[in-house]
Amino acid sequence: MTQAMTRAALNDDAPHILLVDDDARLAALAGRYLAEQGFRVTRAASAAEAREKLRAMEFDLMVLDVMMPGESGLDLAGSLRAERAPSMPILLLTARDTPEDVLAGFEAGADDYLGKPFDPRVLVARLRAMLRRAQPPPASTAPLPLGEASFDAGRGELISRNVRTRLTSAELALLTTLAAHPHEVFSREALAAALGMDDVNERAIDVQVTRLRRKIEPDPREPRFLQTVRGKGYVLKPGA
């Protein structure tokens with residue numbers, strides 16, 4: 001074990017990653033590299049094993065392979081969003097990275113994706129960006145009213161009927177960006193950059209907007225607060 005791996009193993013404050021992949025060789029290599037970069041890594045070879053790890057430990061984020069025997073990564077991500085870990089950032093690893101596959105991943109609740117094979121340095125950069133997005137901004141401002149809900153950007157919380165509504169890290173980053181400049185139109189390119197997505201993933205912004213509307217709009221089909229500006233992008237218009 002390298003000194004870096006030893007330090008990571010002993011550092012309880014290091015970000016804890018659940019790496020889920022049935023490819024033992026790839027998981028070992030990726031896990032070793034992540035440990036050398038200061039992460040704590042726990043591995044699982046299947047969705048079922050991942051669920052066991054999630055019941056036993058707390059994780060800061062998950063790296064999840066899409067194509068696994070039994071329950072797929074897409075199915076696991078979708079069920080976790082509906083169950084116990086709606087806000088934990090999830091990065092999908094996939095050998096199928098067509099736009100349709102990528103959008104399916106975002107629709108399942110993933111925050112980012114990385115195609116196989118991948119440069120481990122890119123994986124580390126993506127994970128660090130995801131961790132930054134998951135942190136609420138330091139500034140404290142008055143909550144923005146969104147009908148019966150309100151968004152407190154300082155706390156990174158969406159409150160609806162006195163109940164905290166859970167947001168994924170991507171949804172939180174999207175709403176925080178829009179809330180910082182209400183009534184200002186943001187292009188898909190600008191929002192993709194704010195979420196750390198590359199140009200190929202601009203269409204994924206539409207998916208994230210759709211997911212966010214389900215949480216802030218009385219009728220997501222007729223959005224009142226998060227509106228589309230045809231040919232330009234999106235704008236947040238808060239109000240009671």
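A: Two residues are in contact, or touch, when heavy atoms of theirs lie within 4.5 Å. This is a predicted model, in which local features need pLDDT of at least 70 and side-chain atom pairs count only at pLDDT 80 or more, while totals for chains, interfaces and linings use all residues. Residues are numbered from 1 along each chain as its sequence is written, and side-chain values use heavy atoms, with hydrogens and water left out.

Leaving aside residues up to four places away in sequence, Met62 touches Leu18, Val20, Leu54, Leu80, Met88, Pro89, Ile90 and Leu91.

The wider chain gives the setting. Its secondary structure comprises nine helices and eleven strands, taken as DSSP runs numbered from the N terminus (helices H or I, at least four residues; strands E, at least two). Of the 240 residues in the protein chain, 48% are buried, that is, under 20% relative accessible area, with exposed meaning over 50% and partly exposed in between (1.4 Å probe, protein chains only). Among contacts between residues at least 6 apart in sequence, 58% join residues at least 24 apart.

In β11, Leu236 is the bridge partner of Leu226. Strand β10 (residues 226–229) and strand β11 (residues 233–236) pair in the antiparallel sense over four bridges, where pairing requires DSSP to find at least two bridges. The two strands form a hairpin with three residues between them. Gly231, in the turn, has a positive phi of about 80 degrees.

Gln37 is found between α2 (24–36) and β2 (40–44). Because its relative accessible area is 30%, Gln37 counts as partly exposed. Beyond residues up to four places away in sequence, Gln37 touches Val124 and Arg128. The C-alpha atoms of Gln37 and Arg121 are separated by 9.5 Å, although the two residues are 84 apart along the chain.
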